[in-house]
Amino acid sequence: MSEREIPADVLLRAINASGDVVLVYRVDPDGKMRLTYMNDAYARQTGYTREEALGRELDAFRLAMPDDEGMRAIRTAFATGQAGAGELISYRKDGSTFWNEITVQPIVENGRVTHWVTIERDISSEVERTSALAEEHDRLLALVRAARRLFTVFDARELVARVKEVVRDLIGAEVHVLAANPAGASVEVEDLGTEVTFSAVGDDRIARAIGGKGRIVDEVGRRAIVYAGQYGDSRYVLDASVGGARRLRNTDLFVLDLIAEYFAVAARNVALYHELDERRSAVMELNQTKSDLIAMLAHDFRGPLTSVVGFAELIAEVGELNEEQLEFLESIKRSALQLSELASDTLTLSRLERNEVGLQFADVDVAELVRGIAEQYADRREVDVTVAADAHVTGDEERLRQVFSNLIDNAIKYSPGKSSPSVEIVGAPDAVVVSVRDKGIGIPTAELSTIFDRFSRATNARKLGISGTGFGLFLTKQLVQLHGGTIAVESREGEGSKFVVTLPRRVVRAAAPRTIVIFDENRDGSFLAHGLREGGYRVRTAAAVDEVLAIADSESLDAVIVNVEEATLASDQAARLRAFSRERSIPIIAIGGESSPRLGAIAAVPKPVLAGDLLAILERIRPLALHLAR
Ligand code: ADP
């Protein structure tokens with residue numbers, strides 16, 4: 001015997017010591033397989049002794065077993081003479097079962113399979129562990145989903161309905177939401193925070209659940225009362241029960257506790273949301289009133305002012321006026337004109353605030369426009385206009401007139417030394433640059449960064465007593481931006497200022513504030529609308545699909561935000577929105593839905609939605625915006 005060879009009895013002892021079962025079947029000429037060898041592990045695993053097992057036919061053990069996937073793999077191996085493996089349920093001598101992992105290997109001699117060696121291992125505990133883990137995993141996942149279902153509710157009624165569903169789905173228990181007082185008197189509710197009349201008699205269990213802010217289970221384990229927080233003046237409990245022979249297991253109770261905690265947090269969210277919404281509405285209402293008032297005043301001012309200017313012109317015609325009277329008259333006219341401009345700026349400003357400034361884009365020759373304005377100022381000051389290029393842009397002529405009038409007016413007003421301002425217009429292939437320059441009082445360097453803010457006035461202008469309101473530049477900047485342009489300033493106190501407006505020749509819609517529609521059946525998207533307006537969007541709201549289409553017909557839309565529960569959106573409505581979105585290439589963003597194939601939404605934002613999330617998505621779809629085809 002060479003050194004590498006092992007005596008057969010040593011080998012057999014080693015095999016007997018193995019934890020895995022080792023069996024050898026002999027294949028008889030008639031094809032039947034009989035057990036010719038088994039190790040000790042087999043006896044340990046199945047309870048069969050050698051006397052009982054050896055010599056028996058394989059069929060007697062196994063082939064009567066269920067035709068599952070594992071068994072089929074093994075049978076195929078035997079039938080084809082190839083090695084194979086499978087996991088299957090096996091029986092012990094006492095009839096009990098275990099999970100068995102089996103590999104089978106043929107022994108071939110002279111091209112014939114003479115024996116099969118099978119190695120088997122009891123994997124029951126592994127299988128159990130895996131399935132326990134899977135169950136745990138499923139349960140955790142269900143809890144996460146439950147949390148999501150509860151935390152995304154904004155309405156108290158819906159929260160009550162949803163918590164019932166969640167408990168039913170998760171632990172199969174019926175749950176009632178009860179408003180209760182510390183004495184245990186209670187009443188079932190469908191809503192939270194409403195006035196309730198408690199039953200006369202208190203329930204001790206409810207009182208204890210509330211007192212301990214915890215859970216009380218009845219003796220038979222069929223009913224559990226769990227404290228679920230406070231909302232307004234009432235405390236709430238979840239009263240859960242299972243019917244029939246069922247009992248609430250520990251895991252059920254654990255889940256119930258968690259749901260009750262979720263409920264308490266969700267109820268607080270609902271309360272906060274409503275409070276916030278009310279405050280927001282109040283602020284928005286106030287804002288609206290303010291801006292209505294301003295718009296009304298500005299509008300009503302203009303009529304009387306026109307009369308003042310008109311009659312001031314006429315007065316000289318009805319009789320001789322002396323030199324001094326004429327001078328006073330001139331001063332009245334100037335002040336009235338100034339007031340009237342102020343009124344019209346105010347009006348524009350309030351329209352801007354309300355997102356009512358719709359630009360009428362057309363071809364505008366900026367050179368011609370600026371020359372016209374300069375002429376209007378000719379009696380006050382000479383304005384030198386140089387034009388170095390073709391200066392056509394796509395823009396709203398009236399708004400651009402306001403822009404350059406404001407700048408030229410300032411250049412004159414803030415040059416008390418009577419020096420002449422100058423305007424220089426140069427062109428680039430894709431933009432027109434207009435610089436308005438003066439040799440006036442200039443702006444202190446420290447104040448340059450805020451000069452475009454609303455109501456901002458420089459200290460030197462105030463000191464010199466030059467009248468002004470400080471929102472001309474604010475308005476100017478807004479109007480320039482609506483054209484997709486920019487405005488910048490260079491200035492030195494005592495030397496002069498230069499305001500530079502750059503207007504793109506073709507307005508790229510993506511650069512100008514864009515219009516979106518919020519489709520919301522309850523119009524409670526007010527909060528979103530507000531947030532998006534703050535983000536620089538022009539926002540319209542629509543309560544029906546028809547309204548969305550009507551808005552799209554009257555102005556160019558960049559996106560439609562659908563804030564309607566998918567479930568309540570009738571399928572024909574969804575289909576129409578989808579068709580509309582496809583035809584016009586206007587993207588739809590759905591709120592609340594996990595995904596919205598019915599709507600064909602390009603994105604879905606889960607609730608609770610924050611304006612910031614929406615802005616980020618709108619920002620992402622920016623590249624989709626097209627150039628204005630004019
Ligand atoms: P208003 O002229 O009515 O005060 P604007 O918004 O047009 O309001 O201007 C804001 C402030 O910027 C002015 O009050 C003034 O201090 C400063 N300013 C604007 N234009 C000039 C200019 N060309 N030269 C010096 N200061 C200027």
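Helix α14 is largely enclosed by the rest of the structure, because eight of its eleven residues are buried; buried means under 20% relative accessible area, with a 1.4 Å probe and protein chains only. The buried residues of α14 are Gly472, Leu473, Phe474, Leu475, Thr476, Leu479, Val480 and Leu482. After α14 comes Gly484, which has a positive phi, near 75°. Helices (H or I, at least four residues) and strands (E, at least two) are DSSP runs, numbered from the N terminus.

This is a predicted model, in which local features need pLDDT of at least 70 and side-chain atom pairs count only at pLDDT 80 or more, while totals for chains, interfaces and linings use all residues. Residues are numbered from 1 along each chain as its sequence is written, and side-chain values use heavy atoms, with hydrogens and water left out.

**Nonpolar cores**

A nonpolar core is a set of buried Ala, Val, Leu, Ile, Met, Phe, Trp, Tyr and Cys residues joined through side-chain atoms within 4.5 Å. The largest has 45 residues, of which Val366, Phe404, Leu407, Ile408, Val423 and Ile425 touch the most other members.

Another core, of 37 residues, lies apart from it and includes Ala147, Val175, Val226 and Tyr236.

**Helices α16 and α17**

Helix α16 (residues 545-554) packs with helix α17 (residues 571-584) at an angle of about 15°, and their axes are 10 Å apart. That makes α16 roughly parallel to α17, a term for angles under 35 degrees. On the α16 side, the contact (heavy atoms within 4.5 Å) is made by Val545, Asp546, Val548, Leu549, Ala552 and Asp553. Helix α17 contributes Gln573, Arg576, Leu577, Phe580 and Arg584.

**Phe519**

Phe519 is part of strand β18 (residues 515-519). Its relative accessibility is 0%, so Phe519 counts as buried. Leaving out residues up to four places away in sequence, Phe519 touches residues that include Val545, Val548 and Leu577. Val545 and Val548 also belong to the α16 side of the helix contact, and Leu577 to the α17 side. Phe519 and Ala43 are 476 residues apart in sequence and 73 Å apart in space, C-alpha to C-alpha.

Note on methods
Axes fitted to C-alpha atoms, helices over the stretch in contact; angles between N-to-C directions. Parallel < 35°, antiparallel > 145°, perpendicular 65-115°, else oblique. Buried < 20%, exposed > 50% of the residue type's maximum accessible area, 1.4 Å probe, protein only.
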